[in-house]
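Subject: Structure for your review

Dear colleague,

Please find the structure below, with the sequence alongside. My notes on what turned up in it follow.

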Amino acid sequence: MNLIVQLLPESHVLLDVEAGSKKRVFEQASELFETAGGISHTLVFESLLAREKLGSTGLGQGIAIPHGRIKGLKEATGAFIRLADPIDFDAPDGRPVSQLFILLVPEQATEAHLQILSQLASCFAERPFRETLATTPDAAAVLALFSAAIPDPDPHADSGDSAGQAD
């Protein structure tokens with residue numbers, strides 16, 4: 001199951017955003033989550049900042065996955081932000097970041113949190129995915145790209161087909 005597409009509404013895809021710093025990106029993401037999801041701007045901002053103080057969420061290759069635990073949040077939610085100009089993010093390869101997936105999870109996050117991070121890391125590890133994402137024209141195309149990047153592991157699970165049946 002593609003967990004990313006489930007938690008990324010089209011309204012949470014922001015392309016070619018102007019932000020001069022990591023703090024400014026966190027402010028913009030916090031505003032998005034407050035406006036679109038009713039999650040406290042301050043709570044989101046402080047959560048993202050606190051996590052970043054533990055160590056950079058920059059993965060390298062121009063990618064970062066800032067994430068935070070939010071008290072009172074019922075289910076994970078995310079946002080994809082592509083920056084107009086890359087910013088320093090203390091990534092391990094020293095490269096500035098231009099693509100961010102911001103993930104918010106409930107305070108008592110379960111295994112699903114780790115599965116989401118794993119799916120995101122798998123997507124971003126692929127150069128063709130990153131390059132296509134860098135030029136994708138709109139939010140719908142971004143969602144389609146994430147959807148295609150992580151296919152359902154068993155597309156016939158609910159189809160009722162029986163194993164071994166001849167065509």
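In this predicted model, D90 has a relative accessibility of 52% and counts as exposed, because the cut-off for that class is over 50%. The side chain of D90 forms a salt bridge with that of K22, at 3.5 Å from N to O. The two residues are 68 positions apart and join distant parts of the chain: D90 sits in the loop between strand 5 (77–87) and strand 6 (97–106), and K22 in helix 2 (residues 22–37).

K22 falls in another class from its partner. Its relative accessible area is 16%, so K22 counts as buried, the limit being under 20%. Leaving aside residues up to four places away in sequence, K22 touches E52, I87, D88, F89 and D90.

Salt bridges

The count for the model is six salt bridges. As background, side chains of opposite charge can pair when their charged atoms come close.

- R24 and E27 pair through their side chains at 3.1 Å, N to O. Both residues lie in helix 2, three residues apart, which is about one turn of the helix. R24 is partly exposed at a relative accessible area of 31%, and E27 is partly exposed at 29%.
- R127 and E131 form a salt bridge between their side chains at 3.9 Å, N to O. They are four residues apart in helix 5 (residues 127–135), so about one helical turn separates them. R127 counts as exposed with 52% relative accessibility, while E131, at 48%, counts as partly exposed.

Helix 2 against helix 3

What is the handedness of the crossing of helix 2 and helix 3? The axes of helix 2 and helix 3 (residues 41–54) come within 8 Å and cross at roughly 145 degrees, and the crossing is right-handed. On the helix 2 side the contact is made by K22, K23, F26, E27, S30, E31, F33 and E34; helix 3 contributes H41, V44, F45, L48, L49 and E52. Sorted by class, this contact has six nonpolar, two polar and six charged residues.

The chain as a whole

The secondary structure of the protein chain comes to six helices and six strands. From the N terminus on, the elements follow the order α-β-α-α-β-β-β-β-β-α-α-α. The chain has 167 residues, and 43% of them are buried. Of the contacts with a separation of 6 or more, 69% are between residues 24 or more positions apart. The accessible surface of the chain is about 8,900 Å², and carbon and sulfur atoms account for 51% of that area.

Regards

Terms used:
Residues numbered from 1 in each chain as written. Predicted model: local features only at pLDDT ≥ 70, side-chain atom pairs only at ≥ 80, totals over all residues. Heavy atoms only, no water. Salt bridge = Lys/Arg side-chain N within 4 Å of Asp/Glu carboxyl O. Buried < 20%, exposed > 50% of the residue type's maximum accessible area, 1.4 Å probe, protein only. Axes fitted to C-alpha atoms, helices over the stretch in contact; angles between N-to-C directions. Left-handed = near helix turned anticlockwise from the far one by under 90°. Contact = heavy atoms within 4.5 Å. Nonpolar A, V, L, I, M, F, W, Y, C, P; charged D, E, K, R; others polar. Areas by Shrake-Rupley, 256 points an atom, 1.4 Å probe, with all protein chains shown as cover.
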